[in-house]
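Keep the model open beside the text as you read.

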Amino acid sequence: MNYEDLLKYLTPSLSFFNKSFSSKEELFKDIHDDAFKNGYVTEEFYEKISLREEKYPTGIDLENVGVAIPHTDAEYVKKEFVSIYVLKEPTIFQSMEDETKEVLVTIVFVLGLKAPHNQLEMLQTLIGLMQDEALIKKFKKLKDFGEMEFLLIEEGDK
């Protein structure tokens with residue numbers, strides 16, 4: 001699997017490891033504050049990502065870990081990015097497949113993409129990544145951006 005596209009959009013200043021949140025809303029507020037302060041999103045980003053997640057949940061329950069891919073419409077993104085959170089403690093998201101089910105999410109990819117084809121390509125890349133159980137186990141143990149970058153380059157070369 002080639003993770004070049006993912007690496008191109010991953011943003012060190014918007015990548016967080018070993019953080020905990022009491023709710024997904026708190027996580028959305030965290031990404032909004034950092035992304036807004038650094039010129040990546042509009043002021044409405046927090047409200048819009050929260051509303052979209054409520055309507056179209058993004059929690060994915062894999063065998064050993066929960067992953068979420070929240071995002072919102074391109075008009076709330078000023079500069080494209082992909083943010084990653086590898087959480088210390090899982091945060092509850094609703095399941096993408098069945099919104100009545102909760103998913104304990106440990107890995108969150110927040111997409112801030114403008115072009116629809118970029119979003120589709122990124123979703124395909126992330127789904128490919130999630131299908132690699134060994135890689136996802138390694139993701140859960142990441143401690144910083146450098147480790148993640150190294151892992152993706154190493155896995156991309158296989």
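Two strands count as paired here if DSSP finds at least two bridges between them. Strands (E, at least two residues) and helices (H or I, at least four) are DSSP runs, numbered from the N terminus. What you're looking at is a predicted model, where local features need pLDDT of at least 70 and side-chain atom pairs count only at pLDDT 80 or more, while totals for chains, interfaces and linings use all residues. Residues are numbered from 1 along each chain as its sequence is written, and side-chain values use heavy atoms, with hydrogens and water left out.

Now go through the pairings. Strand 2 runs antiparallel to strand 3 (residues 66–68), with three bridges between them, and Asp-61 sits opposite Gly-66 of strand 3. Strand 3 and strand 5 are also joined by three bridges, in the parallel sense; there, Gly-66 has Val-105 of strand 5 as its bridge partner. Strand 4 and strand 5 pair antiparallel over ten bridges, and Val-86 faces Ile-107 in strand 5. How many of the eleven residues of strand 5 are buried? Nine of them are, so the strand is mostly covered (buried means under 20% relative accessible area, exposed over 50%, partly exposed in between, with a 1.4 Å probe and protein chains only).

Setting aside residues up to four places away in sequence, Lys-24 touches Glu-53, Thr-91, Ile-92, Phe-93 and Gln-94.

Another lysine to look up is Lys-48, in helix 3 (residues 45–55). Lys-48 is partly exposed, at 26% relative accessible area. Beyond its neighbours within four places in sequence, Lys-48 is in contact with Thr-72 and Tyr-76. Lys-48 and Tyr-76 are 28 residues apart in sequence, yet 7.9 Å apart in space, C-alpha to C-alpha.

Next comes helix 4 (residues 116–130), whose buried residues include Met-122, Leu-126 and Leu-129. Thr-125, also in helix 4, counts as buried at 10% relative accessibility. Leaving out residues up to four places away in sequence, Thr-125 touches Asn-2, Tyr-3 and Leu-6.

The axes of helix 5 and helix 6 (residues 145–156) come within 11 Å and cross at roughly 165°. That makes the two helices roughly antiparallel (over 145 degrees; under 35 is roughly parallel, 65 to 115 roughly perpendicular, and the rest oblique). Leu-135, Lys-138 and Phe-139 of helix 5 make the contact with Met-148, Leu-151, Leu-152 and Glu-155 of helix 6.

Technical notes
Contact means heavy atoms within 4.5 Å. Axes are lines fitted to C-alpha atoms, for helices over the stretch in contact, and angles run from 0 to 180 degrees between N-to-C directions.
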